[in-house]
Amino acid sequence: MTATDHSLELVHTAAQAAADKLAHDIIAYDVSDVLSITDAFLLASAPNDRQVKAIVDEIEERLLKERGVKPVRREGDREARWILLDYVDIVVHVQHSEERVFYALERLWKDCPEVELPEDAKATRGKAEEHARQQAAGQAAEPDGAW
């Protein structure tokens, strides 16, 4: 069994919304062969809690406006480190970059087929690593104040 066309449309809309809000490392998996509760997982991350929330808000707004769907459940709002949107047909995970590395959901679902995503979403691959390098370089360039 493969993800339905409806599920794939939801994934594409959500992925584009995440890319438009500068999410990092957007990827989606067709999990329909291994899970009976959903067809696909969409994963995205951001370097700070505020951006995680902005990405989630954009995904919710875009899916409602363009596809007429609301999540049946939204979890993780308080800390905004990992917010889950459950649309039944798809589940969206938007994680803070640190949680993304720690939980490594890609490892769990690597045997499932990847869902083809819009070009803007695919262009986000490697952005978290690039951002981390820039942050490290910026911190190394700052004086430590020990004169």
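Me: Why is Arg78 called exposed?
Reply: Arg78 has a relative accessible area of 80%. Exposed means over 50%, buried means under 20%, and partly exposed is anything in between, with a 1.4 Å probe and protein chains only. So 80% puts Arg78 in the exposed class. Bear in mind that this is a predicted model, where local features need pLDDT of at least 70, side-chain atom pairs count only at pLDDT 80 or more, and totals for chains, interfaces and linings use all residues. Residues are numbered from 1 along each chain as its sequence is written, and side-chain values use heavy atoms, with hydrogens and water left out.

Me: Where does Arg78 sit?
Reply: Arg78 is in the loop between S3 and S4. Strands here are DSSP runs of E with at least two residues, helices are runs of H or I with at least four, and both are numbered from the N terminus. The C-alpha atom of Arg78 is 9.9 Å from that of Lys53, though the two are 25 residues apart along the chain.

Me: What makes Ala80 buried or exposed?
Reply: Ala80 is also placed in the loop between S3 and S4. Its relative accessible area is 7%, and that is under the 20% limit, so Ala80 is buried. Ala80 has a positive phi of about 55 degrees, although it is not a glycine.

Me: How do you know that Lys53 and Asp57 form a salt bridge?
Reply: A salt bridge needs a side-chain nitrogen of Lys or Arg within 4 Å of a carboxyl oxygen of Asp or Glu. In this pair, the closest N and O atoms are 3.7 Å apart, so the pair qualifies. Both residues belong to helix H2 (residues 49-67), 4 residues apart, which means about one helical turn separates them.

Me: Why are Lys53 and Asp57 called partly exposed?
Reply: Lys53 has a relative accessible area of 35%, and Asp57 has 32%. Each value falls between 20% and 50%, so the in-between class applies to both.

Me: What makes Arg73 and Asp86 a salt bridge?
Reply: Their closest N and O atoms are 3.4 Å apart, and that is within 4 Å, so the pair counts. Arg73 is in strand S3 (residues 73-75) and Asp86 in strand S4 (residues 82-86), so the bridge ties together parts that are 13 residues apart in sequence. Arg73 is partly exposed at 40%, whereas Asp86 is buried at 13%.

Me: How do you know that Arg74 and Asp77 belong to a network?
Reply: Start with the pair itself: the distance from N to O is 2.9 Å, within the 4 Å limit, so Arg74 and Asp77 form a salt bridge. Salt bridges then link Lys53, Asp57, Glu60, Arg74 and Asp77 in a network. Arg74 is partly exposed at 25%, and so is Asp77 at 32%. A search of the whole structure finds 17 salt bridges.

Me: Why is Asp25 called buried?
Reply: Asp25 has 18% relative accessibility, which is under 20%, so it counts as buried. Asp25 lies in strand S1 (residues 24-30) and has a positive phi of about 50 degrees without being a glycine.

Me: What does Asp25 touch, leaving out residues up to four places away in sequence?
Reply: Its partners include Leu43, Ala44, Arg100, Thr124 and Lys127. Contact means heavy atoms within 4.5 Å.

Me: Now the whole protein. How many helices and strands does it have?
Reply: There are 6 helices and 5 strands, running α-β-β-α-β-β-β-α-α-α-α from the N terminus.

Me: How much of the protein counts as buried?
Reply: Of the 147 residues, 44% do. As for contacts with a separation of 6 or more, residues 24 or more positions apart account for 65% of them.
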